[in-house]
Amino acid sequence: MKRAVFLDRDGVLNIEAGYIHKLEDLHLIPGIAEAVRRLNDRQIFCCLVSNQSGPARGYYPVAHVENLHKRLCLLLENEAGARLDALYYCPYLSAAEGGTNPEFTRYTTWRKPNTGMLVAAAWEHDLDLANSFMVGDKATDVDMAHNAGCTGILVQTGYGESVLSGEYQHHTKPDFIAANLAAGVEWILQHFD
């Protein structure tokens, strides 16, 4: 079994911009491609796990989410020769949470802080969740990490700063707080051997 680093998308890899309706509005956070490349160079499995409720809210089709991910991967490759080994996302949202598109409106174990995306990734790629890391900018990212037995890292980019300023409404606390993904990767590499 392999150890992995799971990465949230918005606010961790790309600049938080709300619901991204135009592909060209997805931009990497400076220095992020190099951080992912450092993980790649150590042969550490890098996996995107992201709630993407745009399709459930009727904002855009699921194909748009796929195209955003293609752009993300292209930017990572072009900027630093970096790559994600797998991408998982949850386009579903319950009606109570705001889902309106019947095709994607439902409760699912894939939506953070539930562990469905991590369990699917572990099953399909032989990953050791108990010795893996999750990096995110929201309380739900840290909660998902802990629910799956992973180490949870909160970055201060994206929504991370507002989480730290008192909006952290959950009982769990991050195992580490990093200024950004680059700082988080530095900490992960110190704890990886």
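Predicted model: local features only at pLDDT ≥ 70, side-chain atom pairs only at ≥ 80, totals over all residues.
1. Residues are numbered from 1 along each chain as its sequence is written, and side-chain values use heavy atoms, with hydrogens and water left out.

2. Helices (H or I, at least four residues) and strands (E, at least two) are DSSP runs, numbered from the N terminus. Buried here means under 20% relative accessible area, exposed means over 50%, and partly exposed lies in between (1.4 Å probe, protein chains only). The buried residues of H5 are Ala139, Asp141, Val142, Asp143, Met144, Ala145 and Ala148. Just after the helix comes Gly149, with a positive phi of about 85°.

3. Next, have a look at helix H4. Its buried residues are Gly116, Met117, Leu118, Ala120, Ala121 and Ala122. They pack against strand S1 (4-7), strand S2 (45-51), S3 and H5, where contact means heavy atoms within 4.5 Å.

4. How do helices H1 and H3 pack? Helix H1 (residues 32-41) meets helix H3 (residues 62-80) at an angle of about 85°, and their axes are 9 Å apart. That makes H1 roughly perpendicular to H3. The axes are lines fitted to C-alpha atoms, for helices over the stretch in contact, and angles run from 0 to 180 degrees between N-to-C directions; under 35 degrees counts as roughly parallel, over 145 as roughly antiparallel, 65 to 115 as roughly perpendicular and the rest as oblique.

5. Which residues make the contact of H1 with H3? H1 contributes Ala33, Glu34, Val36 and Arg37, and H3 contributes Leu76, Glu79 and Ala80. Sorted by class, this contact has 4 nonpolar, no polar and 3 charged residues. For these classes, Ala, Val, Leu, Ile, Met, Phe, Trp, Tyr, Cys and Pro count as nonpolar, Asp, Glu, Lys and Arg as charged, and the others, Gly among them, as polar.

6. Now for the aromatic rings. Rings of Phe, Tyr and Trp (its six-membered ring) pair if their centres lie within 6.5 Å; planes under 30 degrees apart count as stacked, over 60 as edge-to-face and the rest as tilted. By this rule there are 6 aromatic pairs. One of them joins Tyr92 and Phe104 and is tilted, at 5.7 Å centre to centre with 45° between the planes. Tyr92 and Phe104 both lie in the loop between strand S3 (86-90) and helix H4 (116-125), so the pair ties together parts that are 12 residues apart in sequence. Tyr92 is partly exposed at 22% relative accessibility, whereas Phe104 is buried at 8%.

7. Phe133 and Trp187 form an edge-to-face pair, because their ring centres are 6.2 Å apart and their planes stand at 90°. This pair links distant parts of the chain, 54 residues apart: Phe133 is in strand S4 (residues 133-136) and Trp187 in helix H7 (residues 181-190). Phe133 is buried, with a relative accessible area of 3%, and Trp187 is buried too, at 16%.

8. Phe133 and Trp187 also belong to one aromatic cluster with Phe176 and Phe192. The charged end of Arg3 sits over the ring of Phe192, 4.2 Å from its centre. A charge counts as sitting over a ring if NZ of Lys or CZ of Arg is within 6 Å of the ring centre and within 35 degrees of the ring normal.

9. Some backbone details deserve a second look. Most residues other than glycine have a negative phi, and most peptide bonds are trans. Gln43, in the loop between H1 and S2, has a positive phi of about 60° and is exposed at 69% relative accessibility. Asp126, in the loop between H4 and S4, has a positive phi of about 55° and is partly exposed at 43%. The peptide bond from Lys112 to Pro113 is cis, with omega near 10°, and Pro113 is in the loop between S3 and H4.
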